[in-house]
Amino acid sequence: MRAAIFTGTPELSVEDVTAIEPGPSDVVVRIGASGVCHSDVSASNGTLPIPAPCILGHEGAGIVEWAGSEVTRVKVGDQVIASFVPACGNCFYCLHGQSNLCTMGGEVMFTPRATRGDGSTPAGFTGLGTFADQMTCNQASLVKIETDLPDAQLALIGCGVTTGVGAALNTAKIVPGSTVAVIGCGGVGQAVIQGARIAGASRIFAIDPVELKRKTAEVFGATDLIDPGAGDATAQLMELTGGIGADYAFEVIGLPETIAQAYAMARRGGTAVVVGMPKWDSQVTLPGFQLFYDEKKLLGCVYGSAQVRSDFQRFVDLVETGRLDLGSMVSAEIGLDDVNDAFRAMQSGEVIRSVITHV
Ligand SMILES: [Zn+2]
Ligand SMILES: [Zn+2]
């Protein structure tokens with residue numbers, strides 16, 4: 001098999017490796033498409049510390065090629081979307097309707113899945129490793145779906161779309177007629193905007209310094225575009241909302257400053273949601289008196305609070321009925337060898353989502 005591997009430096013190594021024989025609960029998936037997500041970049045540059053070597057990619061869709069003797073959830077030939085947090089179905093969180101917090105993640109993360117030429121044995125990022133033509137993972141990391149949609153769109157449901165749409169619909173539970181601010185309009189931010197539109201928000205403020213992202217946000221449902229480069233973004237939002245602020249403010253970058261900004265943008269009694277992944281050791285400073293007096297809610301959000309075994313098909317259905325536009329989120333279909341260029345394009349804000357569709 002071919003795979004793009006993190007070897008300890010930001011430049012991934014695309015190479016031939018040998019798959020390790022799968023176990024009885026494992027499944028082998030022929031990858032049809034894999035989205036290039038910012039978390040892959042974070043893993044490659046140390047923002048998210050992971051052991052090397054590791055097959056990156058955690059946003060993928062494909063077809064089941066082989067299933068172990070104890071596998072019950074999928075069978076050969078099934079169409080699946082990979083879930084970067086497994087949903088084991090048995091842990092405390094899965095049993096309490098919070099499979100996005102499933103404890104099995106720590107276990108699958110370190111299972112070796114391939115052997116390299118130098119004898120080292122990389123695991124798959126988050127138990128997946130979709131930057132490859134083939135992936136071996138635990139059955140808990142897969143969700144069977146039924147659809148005719150192309151893999152390039154389905155892959156996005158594995159991370160960015162579910163995180164963003166889920167943040168709007170599941171975490172925040174946006175009420176129709178609400179005002180919504182979204183700080184950071186990359187792939188996940190655009191999905192938050194779409195989720196807010198689906199939820200019936202009356203006004204959606206898209207906040208991003210990159211013009212392409214603001215323009216794209218308009219396509220997905222943003223009603224007001226705010227350029228932080230043209231003056232303080234919070235002040236601009238306050239002016240647009242008559243000094244009130246937004247009912248919901250989403251931070252989709254993962255920086256302490258913009259998390260504090262989202263908190264400031266939420267109105268009194270409103271809700272700020274942290275969707276972006278901050279550096280693992282970062283700290284956020286918030287105004288103490290306002291925490292009490294303004295009665296705002298501050299919500300963390302992992303994987304859009306999604307219950308993947310029902311939400312993946314739910315989001316597929318929203319795409320099929322034209323409510324959710326994933327086609328416009330795919331900026332470019334690329335080959336596995338282009339993955340390092342895709343990292344650079346993402347970091348310079350040139351694309352919403354690059355999707356690897358050929359290896
Ligand atoms: Zn991701
Ligand atoms: Zn679980």
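A residue counts as buried when its relative accessible area is under 20%. That cut-off settles Cys88, which at 17% relative accessibility is buried. The model here is a predicted one.

Cys88 belongs to a zinc site. The zinc ion (ligand 2) has four protein donors: Cys88, Cys91, Cys94 and Cys102, each through SG. They lie 2.3 to 2.4 Å from the ion. The angles subtended by the 4 donor atoms run from 103 to 115 degrees, so the arrangement is tetrahedral. Along the sequence the donor residues follow the spacing C-x2-C-x2-C-x7-C. Cys91 is buried too, because its relative accessible area is 10%.

The surface around these numbers in the sequence is worth a look. Phe92, Tyr93, Leu101 and Val302 make a nonpolar surface patch of about 350 Å². Leu101 sits in the loop between helix H2 (92-95) and helix H3 (105-108). Its relative accessibility is 34%, so Leu101 counts as partly exposed. Pro86 lies in the loop between strand E7 (79-82) and H2. Pro86 is buried, with a relative accessible area of 0%. Between Pro86 and Gly335 there are 27 Å in space, C-alpha to C-alpha, and 249 residues in sequence.

The other zinc ion (ligand 1) is coordinated by Cys37 (SG), His58 (NE2) and Cys159 (SG). The distances are 2.0 to 2.2 Å. Here the donor residues are spaced C-x20-H-x100-C. Cys37 and His58 link distant parts of the chain, 21 residues apart. Cys37 is in the loop between strand E4 (26-35) and helix H1 (38-44). His58 is in the loop between strand E5 (54-55) and strand E6 (60-67).

Strand E5 leads on to a sheet. Four strands form it, open, in the order E2-E1-E5-E9, with mixed pairing. E2 and strand E9 (123-124) stand at the edges. Each has a single partner strand, so one side of each lacks a neighbour in the sheet.

Strand E1 (residues 2-6) has 4 of its 5 residues buried, so the rest of the structure largely encloses this strand. E1 pairs with strand E2 (residues 13-16) in the antiparallel sense, over 4 bridges. Ala3 has Glu15 as its bridge partner in E2. The hairpin of E1 and E2 has 6 residues between the strands. In this hairpin, Gly8 takes a positive phi near 110 degrees. E1 also pairs with E5, again antiparallel, over 2 bridges. Ile5 stands opposite Ile55 in E5. Phe6 has Cys54 as its bridge partner in that strand.

Charged pairs come next. Side chains of opposite charge can pair when their charged atoms come close. The structure holds 20 salt bridges. One of them joins the side chains of Arg203 and Asp224 at 2.9 Å, N to O. Arg203 has 28% relative accessibility and counts as partly exposed. Asp224 is buried, with a relative accessible area of 13%.

What separates Arg314 from Asp311 in helix H11? The two are 3 residues apart in that helix (residues 308-320), which means about one helical turn. Arg314 is partly exposed at 34% relative accessibility. Asp311 is buried at 5%.

Asp341 and Arg344 form it, with their closest N and O atoms 2.9 Å apart. The residues are 3 apart in the helix, so about one helical turn separates them. Asp341, at 45% relative accessibility, counts as partly exposed. Arg344 is partly exposed too, at 44%. Elsewhere, salt bridges that share partners join Lys75, Asp78, Lys144 and Glu146 into one network.

Technical notes. Residues are numbered from 1 along each chain as its sequence is written. Chains are lettered from A and ligands numbered from 1 in the order in which they are written. This is a predicted model: local features need pLDDT of at least 70, side-chain atom pairs count only at pLDDT 80 or more; totals for chains, interfaces and linings use all residues. Side-chain values use heavy atoms; hydrogens and water are left out. Donors are N, O and S atoms within 2.8 Å of the metal (3.2 Å for Na, K and Ca); water is not among the atoms, so sites may look incomplete. Four donors count as tetrahedral if all angles lie between 85 and 135 degrees; four count as square planar and six as octahedral if opposite donors are over 155 degrees apart and all others between 65 and 115; anything else is irregular. Buried means under 20% relative accessible area, exposed over 50%, partly exposed in between (1.4 Å probe, protein chains only). Two strands pair if DSSP finds at least two bridges between them. Patches are made of residues with over 30% relative accessible area and no salt bridge: like charges are joined within 9 Å, nonpolar side chains (Val, Leu, Ile, Met, Phe, Trp, Tyr) within 5 Å. Accessible areas come from the Shrake-Rupley method with a 1.4 Å probe; for residues, only the protein chains shown count as cover. A salt bridge is a side-chain nitrogen of Lys or Arg within 4 Å of a carboxyl oxygen of Asp or Glu.
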